[in-house]
Amino acid sequence: MTTPSIQWYPGHIAKAEKALKEQLRLVDVVLEVRDARIPLATHHPQVKEWVGNKMRVLVLNRVDMIQPQAQRMWAQWFREQGEEPCFTNARKGEGVIAIAKAAQAAGVAVNQRRRDRGMLPRPVRAVVIGFPNVGKSALINRLLKRKVVESAARPGVTRQLRWVRISDQLELLDAPGVIPAKLNDQQAAFKLAICDDIGDASYDNQRVAATLVDLLKSLTATAPELFPEDPLNRYKLDPTLFTGEAYIHTLAHQRYQGDVERTARALLTDFRKGALGAISLELPPA
Ligand SMILES: Nc1nc2c(ncn2[C@@H]2O[C@H](COP(=O)(O)OP(=O)(O)O)[C@@H](O)[C@H]2O)c(=O)[nH]1
Ligand SMILES: [Mg+2]
């Protein structure tokens, strides 16, 4: 019998989705945050339905963790799809002003409609949504540091919601990370695990780390221009000689007294903290 390699908890998802749906009723604009390393795998299939006819701003965060050339490729690809994503580094605050501006601009129409109905204008309300760990909170905190004012709690539908007032024109709502109830694409699920964007899912570190090695091998082969150096140089073990799984085992014997689990964790940690370099794990579809 085979068990699925990456599992998570439907109960948590249902709860997060329910909270999100309540929040969506209160906002004018949706800021959809994805991980720039895996902009396709961090696309949630329900976003379209959640956004409905609200305005949406697409944010590709962690731009510091991908190659500048990969950023250009994604920018062009999204443009071809009729999208204009904002690239941000929420840790440093780079690109966040553009987001506040885009959200505010999206809200202009909202206030026009209010005026037409004889109502007073109010700040634009936006919710920040995306997979766990993509940088939603970091983004809000960065926006707050720039402009700033207060952080106020207002009664939500069934519980207190955290509204953050960014400026006189913009209020944001932090949302819990959401994950689809089902991930049919196993490769996407592995990428989410590699990037730690899957919340408290459980998975086999060794298989995830082996998949990372296989993925890096195929990326360096298909787009050598993005990898002037092999990202696995750090370990002084040539990945082209092994499958991902054999690589982890060999590395374990060379460096970690045969402890494969420790090796897998070390590799994943190195990737996640950027020690292997800035690496986009996805490239735009050809
Ligand atoms: N290098 C880098 N780290 C980031 C960036 N944005 C967020 N982080 C880090 O990623 C982790 C998760 O961010 P958080 O905002 O809590 O994610 P959330 O779960 O979507 O709210 C934190 O340690 C952040 O400091 C970014 O653009 N670049
Ligand atoms: Mg958060």
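Trainee: Which classes of residue make up the lining of the largest cavity?
Mentor: In this predicted model, that lining divides into five nonpolar, three polar and one charged residue. The lining residues are Glu-32, Val-33, Thr-42, His-44, Val-47, Ile-129, Gly-130, Phe-131 and Val-178. The strands β2 (29–35) and β5 (124–130) are the elements that give two or more residues to the lining of the largest cavity.

Trainee: How much space lies in the largest cavity?
Mentor: About 30 Å³ of space lies there. The structure holds one cavity of 30 Å³ or more.

Trainee: What makes a space a pocket and not a cavity?
Mentor: A probe of 1.4 Å fits into a cavity but cannot get out, whereas a pocket is an open set of points. The largest pocket contains about 340 Å³ of space. Its lining has 18 residues, and the closest to its centre are Arg-62, Asp-64, Met-65, Arg-91 and Arg-272. By class, this lining has five nonpolar, six polar and seven charged residues.

Trainee: Where does ligand 1 sit?
Mentor: Ligand 1 sits in the largest pocket.

Trainee: Which residues are closest to ligand 1?
Mentor: Ligand 1 is surrounded by 15 residues, of which the closest are Arg-62, Asp-64, Asn-133, Lys-136 and Ala-138. Helix α5 (residues 136–146) gives the most to this shell, with three residues. The shell has five nonpolar, six polar and four charged residues.

Trainee: Why is the pair formed by Asp-64 and ligand 1 called a polar contact?
Mentor: A polar side-chain atom of Asp-64 lies 2.8 Å from a nitrogen atom of ligand 1. The cut-off for a pair of N or O atoms is 3.5 Å, so this pair qualifies as a polar contact. A polar side-chain atom of Asn-89 also qualifies, because its distance of 3.3 Å from an oxygen atom of ligand 1 is within 3.5 Å.

Key: Residues are numbered from 1 along each chain as its sequence is written. Chains are lettered from A and ligands numbered from 1 in the order in which they are written. This is a predicted model: local features need pLDDT of at least 70, side-chain atom pairs count only at pLDDT 80 or more; totals for chains, interfaces and linings use all residues. Side-chain values use heavy atoms; hydrogens and water are left out. A residue is near a molecule or strand if one of its heavy atoms lies within 4 Å of it. A polar contact is a pair of N or O atoms within 3.5 Å; within protein, one must be able to donate a hydrogen and the other to accept it, and residues adjacent in sequence count only if both atoms are side-chain atoms. On a 1 Å grid over the protein atoms alone, a cavity is a set of points where a 1.4 Å probe fits but cannot get out, and a pocket is an open set with protein on both sides within 12 Å along at least five of seven lines; lining residues have an atom within 4 Å of a point. A molecule sits in a cavity or pocket if more than half of its atoms lie within 2 Å of its grid points. Helices (H or I, at least four residues) and strands (E, at least two) are DSSP runs, numbered from the N terminus. Ala, Val, Leu, Ile, Met, Phe, Trp, Tyr, Cys and Pro count as nonpolar, Asp, Glu, Lys and Arg as charged, and the others, Gly among them, as polar. Grid points are joined across faces, edges and corners, and a volume is the space filled by probe spheres set on the points.
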